[in-house]
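Hello,

Here is the structure I promised to pass on. Please open it first, then read the notes below.

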Amino acid sequence: MKHEEKQEQMARTQAAKGGRTEETREAITMSRRNFLTLGLEALGALAALEIVGAGLLFLKPRSLEGQFGGVITAGPVSDFPPGSVTEFPEGRFFLIRTEDGGFLAVYRRCTHLGCSVSWEPTAGEFVCPCHGSHFDTVGDVQNPPAPRALDIFPVTIEDGTVKVDTSKPQTRDTFSPDQLVYA
Ligand code: FES
């Protein structure tokens with residue numbers, strides 16, 4: 001082989017080597033780019049999932065079972081003797097059982113300006129500490145300024161258990177016997 005031919009072959013080999021190196025660099029750059037793109041896409045998907053999850057949690061109705069605003073299981077009928085008044089602070093009501101066995105749940109919120117009334121067993125009355133309103137054993141006004149009877153909550157008796165739905169306070173002017181619920 002002549003000297004020029006040898007030089008030409010070496011140049012071709014060098015060029016070929018150089019080409020491969022260029023290709024390799026390009027491949028590495030591409031794979032880095034792909035890796036970054038994939039990483040960013042994965043992060044985006046994760047963030048989207050978190051947003052959707054948080055939204056679903058927000059939309060899911062909160063259960064208020066056992067708390068004010070939900071249904072409170074007061075207990076078995078036999079726990080409440082006739083002529084008793086039992087306070088349920090977590091439900092903000094008093095469960096009254098009249099002498100003839102009827103149940104009535106009265107909201108403790110005074111109908112004047114909303115203070116909490118307390119039950120005074122010796123006087124047999126609900127008394128408001130703010131402006132002195134008094135209510136009798138079924139929540140009727142005995143002493144103003146309260147303008148009407150204490151509000152009531154629906155009572156149900158299921159399988160001998162008394163339940164009170166505190167999500168629906170009902171206003172009334174005075175007590176009437178049809179407000180009582182019997183077992
Ligand atoms: S808030 Fe009860 S008497 Fe005024």
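Which residue in strand 4 is the bridge partner of Ile96? It is Leu104. Keep in mind that this is a predicted model.

**Strand 4 and its partners**

Strand 3 covers residues 93–97 and pairs with strand 4 in the antiparallel sense. Five bridges hold this pairing. The hairpin of the two strands has five residues between them. There, Gly101 takes a positive phi near 95°.

Strand 4 also runs antiparallel to strand 9, residues 152–153. Two bridges join them.

Now the burial. In a regular strand, side chains alternate between the two faces of the sheet. Strand 4 is covered on both faces. Phe103, Ala105 and Tyr107 are buried on one side. Leu104 and Val106 are buried on the other. Five of the five residues of strand 4 are buried, so the strand is largely enclosed by the rest of the structure.

**The disulfide**

The structure holds one disulfide. Cys115 and Cys130 form it, with their sulfur atoms 1.9 Å apart. The link is left-handed, at -95° about the S-S bond. Cys115 sits in the loop between strand 4 and strand 5, and Cys130 in the loop between strand 6 and strand 7, so the pair ties together parts that are 15 residues apart in sequence.

Cys130 counts as partly exposed because its relative accessibility is 37%. Two further cysteines are worth a look. Cys110 counts as buried, at 2% relative accessibility. Cys128 counts as buried too, at 3%.

**Thr166**

Thr166 is found in the segment after strand 11, which spans 161–165. Its relative accessibility is 3%, so Thr166 counts as buried. The side chain of Thr166 reaches the backbone in two places. One is the nitrogen of Gly69, at 2.7 Å. Another is the oxygen of Gly70, at 2.6 Å. Leaving aside residues up to four places away in sequence, Thr166 touches several others, among them Phe68, Ile72, Phe93 and Phe153.

**Pro121**

Is Pro121 buried or exposed? At 61% relative accessibility, Pro121 counts as exposed. Pro121 lies in the loop between strand 5 and strand 6. Val85 is 36 residues away along the chain, yet the C-alpha atoms of Pro121 and Val85 are separated by 8.4 Å.

Best wishes

Notes: Residues numbered from 1 in each chain as written. Predicted model: local features only at pLDDT ≥ 70, side-chain atom pairs only at ≥ 80, totals over all residues. Heavy atoms only, no water. Helix = DSSP H or I, 4+ residues; strand = E, 2+ residues; numbered from the N terminus. Buried < 20%, exposed > 50% of the residue type's maximum accessible area, 1.4 Å probe, protein only. Polar contact = N/O pair within 3.5 Å; in protein donor to acceptor, adjacent residues only side chain to side chain. Contact = heavy atoms within 4.5 Å. Disulfide = S-S within 2.5 Å. Pairing = 2+ DSSP bridges.
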